[in-house]
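Thanks for coming. I will walk through a few spots in one protein, so please look at the screen.

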Amino acid sequence: MVWLLSKDSSSSGDENERCLLDENHPYYGALVDGKRMDVKRPNGWGARHSLAVLGCLGFFVSFSLRVNMSMAIVAMVNHTALAELSHQHPGGPNASAPPPDVDICHQGKAAPKEEVVITEDGPFVWTEMMQGVILSSYFVGYTVSQIPGGRLAERVGAARTFGGGIFLTALLNLLTPVCTHWRVEALIFIRALQGVASGVTCPAIHFMLSRWVPPPERSRISTFVYIGKQLGTAMTILASGPLAGWRWAGGWQSIFYVTGGVGVLWYMCWLFLIYDTPAQHPRISARERLYIDTYFKPHAVPADSEKPVGFPWKQALMSRPLYALIVVHFCQNWGDYMIMTELPTYIRTVLHYPLSMNAFYSAIPQLVKVVFALTVSFMSDGLVNSGLGLSANRKLWNSVGMYIPALMMVGVSYTGCHDIAVISLMVGTVGFNGAIFSGYNINHMDLAPNFAGTLMGLTNCVATLAGVLAPFATGYVINGHPTLENWRTVFMTAAGFFVFGNTVFCVFGTAKQQKWNEPLAMYENNLGLAYSEAGAAEKGQGKKDAGMTGDGAKKDGWPLKKAVL
């Protein structure tokens with residue numbers, strides 16, 4: 001244990017003396033003068049930046065492995081045989097006479113000619129119902145592993161949980177073509193297993209970021225990690241068409257081989273470069289280590305503290321801010337899943353855009369969301385460093401990310417057949433929604449940094465149900481009649497969820513650390529560190545003799561700080 005003594009600029013004496021350590025010591029000058037004892041952020045590339053890059057790429061791979069089936073199934077199904085089956089069984093699930101108002105947006109103009117992207121049918125005659133079962137099987141497994149994934153990260157290690165989850169998903173993805181050719185039941189089973197393996201990723205990385213990223217950088221580094229989701233989704237949408245055309249590589253099978261292979265390569269990098277905590281990292285610089293440890297300093301714990309710490313379920317489930325977080329997460333997912341799954345359908349059935357343009361206009365909003373989210377993250381951290389409270393900061397950007405998209409979805413519902421206006425509003429809806437990465441999405445780390453993984457697993461488990469309910473509700477409303485009036489109901493419902501969720505978060509949410517995190521905490525915020533009795537024992541003096549005040553500063557103006565080496 002090393003004590004760093006820094007002089008308050010308001011007191012008398014040599015103002016140039018910042019630290020009692022020798023100037024050649026690696027920790028010399030790490031602290032600056034001032035009552036808050038702010039820590040200088042190390043310049044240059046650090047271990048936490050490597051974590052951010054590989055975390056972003058991890059989500060890129062994870063979401064590529066998630067959405068690849070949604071794109072590949074178009075090339076896997078024999079649409080010709082399916083159409084003949086529908087004609088043979090006119091009362092079957094695939095039979096639907098086109099309603100007279102489907103082409104309402106073609107009144108007064110010729111319908112655009114459809115471009116043929118996939119020239120050959122696939123080998124499988126799956127009904128629409130079977131296709132729905134195949135696609136939803138992933139989310140069944142994904143929902144199941146959310147809470148166990150958070151506990152696994154906190155007990156076993158977040159790095160191993162995050163990396164292992166993606167690696168296992170990639171391996172199962174490579175086996176998907178084999179299982180598909182065997183039996184459809186095997187495909188459904190392996191997709192469910194992929195969902196289970198992938199479900200641990202969000203809770204694990206959330207807990208890991210809570211231990212690696214100090215509050216002044218939390219918005220931008222966390223946002224950079226999470227935008228991998230949008231990048232993976234957009235790139236998979238754009239690349240799946242060309243990959244399906246690689247006949248020499250198996251056509252649709254190449255989609256699974258490429259995405260699975262990229263996942264295995266990513267895991268090799270993650271395995272050798274990323275560690276659970278700064279203390280375990282062999283190549284982290286001394287300055288970066290002090291910078292992180294100053295915000296997250298280990299408590300003195302009893303000898304039997306190596307035993308896993310249990311999650312305080314009773315206290316957590318009585319926490320009002322946690323319920324606000326669950327509500328806003330569910331409402332956000334409702335709108336997000338609705339846009340992600342139904343936007344291509346709206347573009348195709350209402351605006352009648354060809355498939356090639358459909359893929360483009362489905363990917364562009366995700367890329368705009370990435371740019372806006374990164375911009376907001378820097379603004380958010382700038383406001384925090386300027387003195388804006390964390391609670392106000394989270395609610396400000398969450399409001400930008402949900403109220404503005406809600407207004408734009410209302411605009412979409414009343415825009416009608418003006419395709420340019422509709423596309424522009426949808427791009428704006430998804431783009432502004434990127435502000436939520438600096439809002440509720442990192443609120444788990446604020447409430448209970450020691451249990452951020454379990455909290456993310458808990459809220460994401462409930463919120464993932466929206467991924468099942470939102471498409472189901474949309475299908476119920478549309479019901480074979482994609483009229484502008486029915487689509488207006490879909491968009492207005494999603495807008496209502498956005499408004500309701502964010503209002504609950506603004507009224508009942510907070511960024512204040514909850515008391516049920518404190519007794520079990522392994523880390524504490526050092527910005528207002530109180531005097532440590534253990535530290536006083538090392539110095540051979542008590543708190544009274546040291547003349548310390550409650551906020552950790554000596555009465556004569558000399559703030560006292562300790563850092564763990």
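I will start with Thr-233, which lies in helix H10; helices here are DSSP runs of H or I with at least four residues, strands are runs of E with at least two, and both are numbered from the N terminus. This is a predicted model, where local features need pLDDT of at least 70, side-chain atom pairs count only at pLDDT 80 or more, and totals for chains, interfaces and linings use all residues. Residues are numbered from 1 along each chain as its sequence is written, and side-chain values use heavy atoms, with hydrogens and water left out.

Is Thr-233 buried or exposed? Thr-233 counts as buried because its relative accessibility is 4%, and buried means under 20% relative accessible area, exposed over 50%, partly exposed in between, with a 1.4 Å probe and protein chains only. Leaving out residues up to four places away in sequence, Thr-233 touches Phe-63 and Val-67; contact means heavy atoms within 4.5 Å. The C-alpha atoms of Thr-233 and Leu-65 are separated by 9.2 Å, although the two are 168 residues apart along the chain. The Thr-233 side chain also reaches the backbone oxygen of Lys-229 at 2.9 Å.

Next, helix H11. Its buried residues include Phe-256, Gly-260, Trp-266 and Trp-270. The buried residues of H11 pack against helices H1, H5, H6, H8 and H10.

Now H8 with its partner H9. Their axes come within 11 Å and cross at roughly 155°; axes are lines fitted to C-alpha atoms, for helices over the stretch in contact, and angles run from 0 to 180 degrees between N-to-C directions. H8 and H9 are therefore roughly antiparallel to each other, a label for angles over 145 degrees. Among the residues making the contact are Ile-205 and Leu-209 of H8 and Ile-221 and Val-225 of H9.

Gln-514 is buried, at a relative accessible area of 13%. Its side chain makes a polar contact with the side chain of Ser-319 at 3.4 Å; that means a pair of N or O atoms within 3.5 Å, where within protein one must be able to donate a hydrogen and the other to accept it, and residues adjacent in sequence count only if both atoms are side-chain atoms. The Gln-514 side chain reaches the backbone oxygen of Lys-512 at 2.8 Å.

For the whole protein, there are 22 helices and 2 strands, and 54% of the 565 residues count as buried.

Conventions. Angles under 35 degrees count as roughly parallel, over 145 as roughly antiparallel, 65 to 115 as roughly perpendicular and the rest as oblique.
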